[in-house]
Amino acid sequence: MAGCSEFLLVVCSLFVLVGATIPYKTAYLEQDLDHFNFVQANRVTFKQRYLYTDQYWDEKGPIFFYTGNEGPITGFWENSGFVFEAAQKFNALVIFGEHRYYGDSLPFGSSSFDHDKVGYLSIEQALADYAVLVTDLKIQFKATESKVVAFGGSYGGMLSAYMRFKYPNVIDVALAASAPIYMTTFRGSERDFFFTAVTEDFLHADANCPGYVITAFEMIEMLKNQGAEGLAELSKIFKLCKPLKSTEQIPHMLGWIRNSFTTLAMGDYPYPTDFLAPLPGHPVNLACKMMASASSKVEGLAEVTALVYNGTNGTLTCLDPDTEYIECADPTGCGLGPDSLAWDYQACAELTLPAGSNNKTDMFPPLPWTPEMISTYCQKKWGVIPQPNWAPIQFWGKDISSSSNIIFSNGDLDPWRPGGVLEDVSPTLVALLVKGGAHHLDLRASNPLDPPSVTQARKQELELIQKFLH
């Protein structure tokens with residue numbers, strides 16, 4: 001196409017991918033449950049799901065491997081269109097590996113989260129799964145000489161970087177999008193970054209927006225203090241399926257509301273999506289307009305909350321905080337269903353995640369989540385004690401300079417950005433900033449509504465991948 005450079009040709013020619021899902025084949029690999037215990041009376045295995053397509057592969061190109069994160073791998077296949085655009089450019093074989101204990105890769109089926117079985121869920125085991133999977137598939141596809149590029153977003157992006165750290169003999173290049181790998185070294189006040197960053201997203205959309213939100217939460221507090229009458233009014237305003245009966249329900253409701261703002265900030269894409277929730281384009285701007293025009297700020301808050309939980313279709317007649325939001329070890333949310341159990345356990349066992357909101361550096365009610373609170377919760381829920389000093393040792397903390405061939409991309413609208421690599425560490429550990437980009441926007445398929453910055457970022461990523469592969 002006219003005006004497209006060689007590297008941009010694939011991006012320019014693939015707008016047809018918008019809204020489309022590339023067909024995939026599903027397969028399973030028999031994986032060891034425990035890669036690190038060689039004294040076993042009986043070898044225990046499980047079936048790890050992976051998806052793949054060889055439609056772009058010329059049997060000489062590289063392997064593009066997506067390191068699946070906290071959910072069914074099909075969801076990441078459907079929302080990582082850039083991987084396929086890049087695969088066309090490089091004639092690559094595309095493989096998406098599912099993370100153990102998520103999706104269909106449950107080692108013990110419905111009992112996988114029993115206390116005597118959940119301990120096999122760890123980052124180390126998941127990385128070993130991926131290393132074995134890639135090595136095995138290289139043999140299956142007769143591609144032992146092919147180089148491998150790891151792709152991942154968010155926690156999956158962390159895993160892509162970790163794969164390059166831990167298995168450089170398996171992974172040659174990694175694109176770690178929106179990967180807050182420095183988060184694991186956060187201590188004390190450094191853990192306060194997330195809800196502050198969410199607040200800043202709304203501040204940039206409308207300087208008055210955080211003030212509207214603060215006022216709305218103050219109105220909730222006033223209604224709470226009015227007893228039964230106030231609870232009834234709140235139930236009516238938020239269209240709750242089950243009317244509030246006690247003020248003890250309010251903290252959960254506040255977390256439910258706060259989680260909707262988290263979702264809006266992470267999913268602040270320039271076009272409609274249904275990745276994190278069915279959201280319109282630029283949902284943060286829309287939310288601020290809703291807050292500004294509402295007859296009362298608490299009613300505006302209810303409208304914004306419904307924007308997330310009731311989606312753009314608005315098919316629900318009422319909302320239910322008890323089923324729509326699960327409190328867990330991650331104050332930014334654990335999702336729903338079995339996936340929420342897996343992520344809750346990981347947040348207790350290995351991952352240092354953000355603290356709660358404080359109403360000082362952010363616009364949300366004080367909902368603290370201190371290390372002491374986390375420890376108490378995790379011991380009660382899972383029988384584990386968090387070991388925050390282990391992850392910086394095992395996953396390198398902030399001393400990553402001995403690694404190479406990793407691209408760290410972050411969007412300036414992404415609330416996880418402060419936990420990521422924001423400056424070049426070396427010529428082969430490169431940081432890219434996507435202005436106007438929310439959570440790993442660059443991994444999504446090209447779209448005519450993309451900001452120029454993400455188009456440029458993808459171009460740079462293609463160039464760096466080619467450079468690092470040679």
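Tutor: A residue is called buried under 20% relative accessible area, exposed over 50% and partly exposed in between, with a 1.4 Å probe and protein chains only. This is a predicted model, in which local features need pLDDT of at least 70 and side-chain atom pairs count only at pLDDT 80 or more, while totals for chains, interfaces and linings use all residues. Residues are numbered from 1 along each chain as its sequence is written, and side-chain values use heavy atoms, with hydrogens and water left out.

Of the 470 residues in the protein, 59% are buried. The protein has 16 helices and eight strands; these are DSSP runs numbered from the N terminus, helices being H or I with at least four residues and strands E with at least two.

Now the charged pairs. Side chains of opposite charge can pair when their charged atoms come close. A salt bridge is a side-chain nitrogen of Lys or Arg within 4 Å of a carboxyl oxygen of Asp or Glu, and by this rule there are 14 salt bridges.

One of them joins Glu98 and Arg49, at 2.7 Å from N to O. Glu98 lies in the loop between β4 (93-97) and α4 (123-140), and Arg49 is in strand β2 (residues 45-53), so the pair links parts of the chain 49 residues apart. Glu98 is buried at 0% relative accessible area, and Arg49 also counts as buried, at 9%.

Another salt bridge joins Asp129 and Arg100, again with 2.7 Å from N to O. Asp129 sits in helix α4 and Arg100 in the loop between β4 and α4, 29 residues apart. Asp129 is buried at 1% relative accessible area, and Arg100 at 0%.

Arg458 pairs with Asp450, their closest N and O atoms being 2.8 Å apart. Arg458 is buried at 0% and Asp450 at 10%. Salt bridges with shared partners also join Arg49, Glu98 and Asp104 into one network.

Asp268, in the loop between α9 and α10 (283-293), is another case. Asp268 is buried but has no salt bridge, and the nearest side chain of opposite charge, Lys289, is 11 Å away. Here Lys and Arg count as positive and Asp and Glu as negative, with His and the chain ends not counted. Leaving aside neighbours within four places in sequence, Asp268 is in contact (heavy atoms within 4.5 Å) with His282, Pro283, Val284, Leu413 and Ala438. The side chain of Asp268 reaches the backbone nitrogen of Val284 at 3.3 Å.

Conventions
Polar contact = N/O pair within 3.5 Å; in protein donor to acceptor, adjacent residues only side chain to side chain.
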